Amino acid sequence: MVNKHIPIPENLKDRPTYKGMPLPYVSPDQEGEVFDFKGVDPAKVADCLELRLCGLCGGGMGMTIAFLGGPISGKSLYYTFPPMHEDCAEYAAKVCPHLAKGKAYAEGTTLQDFHPAHSTEPLTECVMVLGTGYQPHRVIPDVIRVLGFIKRRVFKDGEEQGQLL
């Protein structure tokens, strides 16, 4: 459920919603009453990478870009979700049940079902890495390396814990 005390960023306000949560731009188009947040549309991901679009709102990004993941991604600078605006990523880190609460991505699935590079353990903290660029991994599909590292922001239980350089 969405935390009503955290305002939706302007970039996400026009996105379709499910139970009050803005649906990510890269989500597959789905019919029906239940939305599956664990899926991504590979064509939309490719558009994000080629056109420098935010994976959450679909808008064009400026110089600074953000990535979200767990502690291993935060240290390695390798991520599996496309880049985002910093304010879109911060919102997701605070309200997304998986990122903010360490819950499984969807009932009956694990993060490994979402992408084999993910850990099967719930997230203990969410790490946002800010950079100026990115490069798809040459060997491992769907893995993106952050370039031009700026800083890390750490979130736990939807609250920012601090910044790491």
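Student: What should I keep in mind about numbering and confidence?

Tutor: Residues are numbered from 1 along each chain as its sequence is written, and side-chain values use heavy atoms, with hydrogens and water left out. Because the model is predicted, local features need pLDDT of at least 70 and side-chain atom pairs count only at pLDDT 80 or more, whereas totals for chains, interfaces and linings use all residues.

Student: Why is the pair of F67 and Y79 called tilted?

Tutor: Rings of Phe, Tyr and Trp (its six-membered ring) pair if their centres lie within 6.5 Å, with planes under 30 degrees apart counting as stacked, over 60 as edge-to-face and the rest as tilted. The centres of F67 and Y79 are 5.5 Å apart and their planes stand at 35°, so the pair is tilted.

Student: What makes the pair of F67 and Y134 edge-to-face?

Tutor: The rings of F67 and Y134 are 6.4 Å apart, centre to centre, with 70° between the planes, and the rule asks for centres within 6.5 Å and planes over 60 degrees apart. This pair links distant parts of the chain, 67 residues apart, with F67 in strand β3 and Y134 in strand β6 (residues 133-136); strands here are DSSP runs of E, at least two residues, numbered from the N terminus, and helices are runs of H or I, at least four. F67, Y79 and Y134 form one aromatic cluster.

Student: How do you know that F67 and Y134 are buried?

Tutor: Buried means under 20% relative accessible area, exposed over 50% and partly exposed in between (1.4 Å probe, protein chains only). F67 has 0% and is therefore buried, and Y134, with 14%, is buried as well.

Student: What makes R145 count as a charge over the ring of Y78?

Tutor: The criterion is NZ of Lys or CZ of Arg within 6 Å of the ring centre and within 35 degrees of the ring normal. The charged end of R145 sits over the ring of Y78 at 5.0 Å from its centre, and K44 lies over the face of Y25 at 5.9 Å.
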